[in-house]
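Good morning, and thank you for the time. Please have the model open on your screens while I go through it.

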Amino acid sequence: MAPKTDHPVSLRAVRQLRRIRAFYAAGVLLWTVAAVWTSRTHPASRQMWVSVLLVAVFAGLLATASLWLQRLRAAVADRPAHRGTRRHAVAPRHANA
């Protein structure tokens, strides 16, 4: 019997984490450019500090998503391969009357 804390990882969850990680990376890049641009045009302004804050938020989210994805990859690699799969499609059986 498998332990109750062992949760199967779906490929869908991994794909979603990869997509969201790309989104967070784009957010970090966008807000870094905005912070640099604003710091040159209006140094120490409120807009600059908001941009810096958003860079920090997106960087934290990116780090969290990357860590989760790394842990999921490790969990999938530690799991034994399922050897009992069928090699052919199962056709529905009908009773002949």
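I begin with a definition: a residue is called buried under 20% relative accessible area, exposed over 50%, and partly exposed in between, with a 1.4 Å probe and protein chains only. Helices here are DSSP runs of H or I with at least four residues, strands are runs of E with at least two, and both are numbered from the N terminus.

This is a predicted model, in which local features need pLDDT of at least 70 and side-chain atom pairs count only at pLDDT 80 or more, while totals for chains, interfaces and linings use all residues. Residues are numbered from 1 along each chain as its sequence is written, and side-chain values use heavy atoms, without hydrogens and water.

The chain holds 2 helices and 0 strands. Of its 97 residues, 14% are buried.

Consider helix α1, residues 11-41. Which residues are buried in α1? They are Val14, Leu17, Tyr24, Gly27, Val28, Ala35 and Thr38. The 31 residues of α1 should span 45 Å at 1.5 Å a residue, and the end C-alpha atoms are 45 Å apart, which agrees; the expected span is 1.5 Å times one less than the number of residues.

In the loop between α1 and α2 lies alanine 44. Its phi is near 60 degrees, a positive value in a residue other than glycine. Alanine 44 counts as exposed because its relative accessibility is 58%.

Finally, alanine 59 sits in helix α2, residues 46-78. With 35% relative accessibility, alanine 59 is therefore partly exposed. Its C-alpha is 9.4 Å from that of leucine 29, 30 residues away in sequence.
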